[in-house]
Structures are given as structure tokens and as C-alpha cells.
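Hello,

Here is the structure I promised to pass on. Please open it first, then read the notes below.

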Amino acid sequence: MRKKSKLTKTFYVFIPQIITNTMAKERAQNDEEIRIADAVGSKEVLTCGNPEMDKKMGGGIPAGSLTLIEGSSDTGKSVLTQQLMWGGLQQGFSYATYTTENTIKSLLKQMESLSLDVSDYYALGKLKVYPIHIEGMRWANDLPFLDYISAHIKAKSSEIILIDSLTVFVTDASDFDILNFFASCKKLCDAGKTVLITAHTFAFNEEVLTRVRSICDAHLSLKNEEVGGRLVKTLEVAKIRGAQKTTGNVIAFEIEPAFGLRIIPISRTKA
Ligand SMILES: Nc1ncnc2c1ncn2[C@@H]1O[C@H](COP(=O)(O)OP(=O)(O)OP(=O)(O)O)[C@@H](O)[C@H]1O
Ligand SMILES: [Mg+2]
């Protein structure tokens, strides 16, 4: 009998190993997808309705958590929350959206232009929109706007509360009031609500931002960055308490009319 060459032996040993490894990897991937699908179906997590994005965000934002979505202007905070509105409404969550940037009409129209049409949910009452326009109002230190908002939220039955954005309310508020507001949102989460808050990074001083981050269960940080020689938007999943996978992922994306958020396959994990 002809003796097997060393190369052939290596072939015999490694090919079955590679096949076994690939099968195990596929099984793990399938298991993960089933776990995510179960969590989505049972409303344990809030998703974007964009499977690729949700997977990168560790399966979605756990229901009952307080999330801070922070970034400077034009980094995609509003579009990300609109994507989460669309995903959550499709999952069957009810939403109350407080917006300082839109009217009801302009919000629904903008979402429609991104192929995130939620007008049926609005008509059915599953989505409530509360535009807050404070231009020309004297609201600074003597008016407890943050208290007013938290009382309003408490009185509503919606499962998910979105505030886009909190910036105007916090720029002149005291550190104590800001932290108090986040603590009261956290209490609402303990009582079962899921709260999403966007804010411009400049709205908080460094110390308050650190403390707000630690009160929140999830923290998503958005930036406009150059990645691989290309100007893109990035989303850093700085923290998601209770997510199925470790966080720290940085996702590069762009916003495309008639599509919404599109992931760009330049992603890196924070060192
Ligand atoms: N309907 C749309 N179609 C195409 N592009 C859009 C649409 N809506 C938003 N964009 C783009 O997405 C980008 C991010 O917008 P977005 O409003 O989410 O940023 P933001 O971080 O909320 O900004 P701001 O701090 O001003 O509120 C912008 O460059 C904008 O041009
Ligand atoms: Mg915005």
C-alpha cells in the first residue's frame, strides 16, 4: 500500500476539522438568530426592525431600560430614534414621542421619506406624538419643565417613551434637576416603561454626562467620523445592560432617502 504523504495526512486531519468548525459556527449563529427572534417576538427587546443593525446592537435594547442617545448635531440621533420607533411599533409596542424638532405632520412625513411609514400606527393611537415648541417662552430656571415632562409621561399608558431631544430642557437646568429627571425616568423604567432620550453632547457638562451615563442602562454615542478614508456616521454601543452580546461595537452607517439607516461594512470593535 502506498504511504500517505505528509501533505495528504494534513489534508485528512484538517478538512474534517474545518467542516466541523464551520458547522459549529453556523449552529451558533442559528441559535443566536433564534434567541434574538424569540426576544423580539416576546417584546423582551426593542429593535430597529433592521436585522443587521439589531444584531450589531446585541439583539436590541432590553425592554424596561433607560437609554441615552447622545451625539453632536447631524449625527443621526433623530433618524436612529425614528428607526427604533418603526421597529418597536412593528413589534406591537405603544409609543409616546415627545419632539422638540418636529410637528406631528413633519415627523410622519420625514419618516415616510425614509421608508419608515408609521402613519397607520398614529391613526390607530399606537403612536402618540407630542410636539414641544418652546421658542419665545420664558422657561429657564424658574419653570420646572423637566418636572412637567416627567409628570406628563407618568400619566400616559404608552410602553415606550421617546424624547427627541432633551437638549433645550437641560442647557439651562441645574445639574441637580438634570440628574433628578434621569432618576425619575429610571423609576418609570423600573415600573416597566422603556425610555429613550436623545441629547446633544454639549448639553451636559462632563461631570453630569458621566453621572447621567451611569444612571442609564444603555448608552449609544453617535459621531460623524472618517473611517477608511470615508466620511460616515458611527454609532458606538457604549453600553447596553442585559444585552445578549458584549457591547463596545462601533457601527458605521449612512442615511439614505427612501431606505433609512444603511450599515456600511466598515465596523471595528473599540479596543
Ligand atoms: N428624510 C431624510 N432623507 C434623507 N436624509 C435624511 C432624512 N432625514 C435626515 N436625513 C439626514 O440624516 C442626517 C442626520 O439627521 P438627524 O436629524 O437624524 O441628525 P440629528 O443628530 O438628530 O441632528 P440634530 O442634532 O440637528 O437634531 C442629516 O444629514 C440629514 O440630512
Ligand atoms: Mg435631531
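**Strands, helices and the ligand shell**

The hairpin of E8 and E9 has 2 residues between its strands, and glycine 228 there takes a positive phi near 60°. Keep in mind that this is a predicted model.

E8 (residues 218-227) has two partners to look at. With E9 (residues 230-240), E8 runs antiparallel, and 10 bridges join them. Leucine 220 faces valine 237 of E9 in that pairing. With E3 (residues 66-71), E8 pairs in the parallel sense, over 5 bridges. Here glutamate 70 stands opposite serine 221 of E8.

Next, a helix pair. H8 (residues 175-190) packs with H9 (residues 206-215) at an angle of about 10°, and the axes lie 10 Å apart. Angles under 35 degrees count as roughly parallel, so H8 and H9 are roughly parallel to each other. H8 brings Asp175, Ile178, Leu179, Phe182, Ala183 and Lys186 to the contact; H9 answers with Val208, Arg211, Val212 and Ile215. By class, this contact of H8 with H9 holds 7 nonpolar and 3 charged residues, with no polar ones.

Last, ligand 1. How many residues surround ligand 1? There are 15, and the closest are Ser73, Lys77, Ser78, Val79 and Ile255. By class, the shell around ligand 1 has 8 polar, 4 nonpolar and 3 charged residues. Helices H3 (77-91) and H4 (104-113) each supply at least two residues of this shell. H3 gives the most, with 3 residues.

Best wishes

Methods: Residues are numbered from 1 along each chain as its sequence is written. Chains are lettered from A and ligands numbered from 1 in the order in which they are written. This is a predicted model: local features need pLDDT of at least 70, side-chain atom pairs count only at pLDDT 80 or more; totals for chains, interfaces and linings use all residues. A residue is near a molecule or strand if its C-beta atom, placed from the backbone, lies within 6 Å of it. Helices (H or I, at least four residues) and strands (E, at least two) are DSSP runs, numbered from the N terminus. Ala, Val, Leu, Ile, Met, Phe, Trp, Tyr, Cys and Pro count as nonpolar, Asp, Glu, Lys and Arg as charged, and the others, Gly among them, as polar. Axes are lines fitted to C-alpha atoms, for helices over the stretch in contact, and angles run from 0 to 180 degrees between N-to-C directions. Angles under 35 degrees count as roughly parallel, over 145 as roughly antiparallel, 65 to 115 as roughly perpendicular and the rest as oblique. Two residues are in contact if their C-beta atoms, placed from the backbone, lie within 7 Å. Two strands pair if DSSP finds at least two bridges between them.
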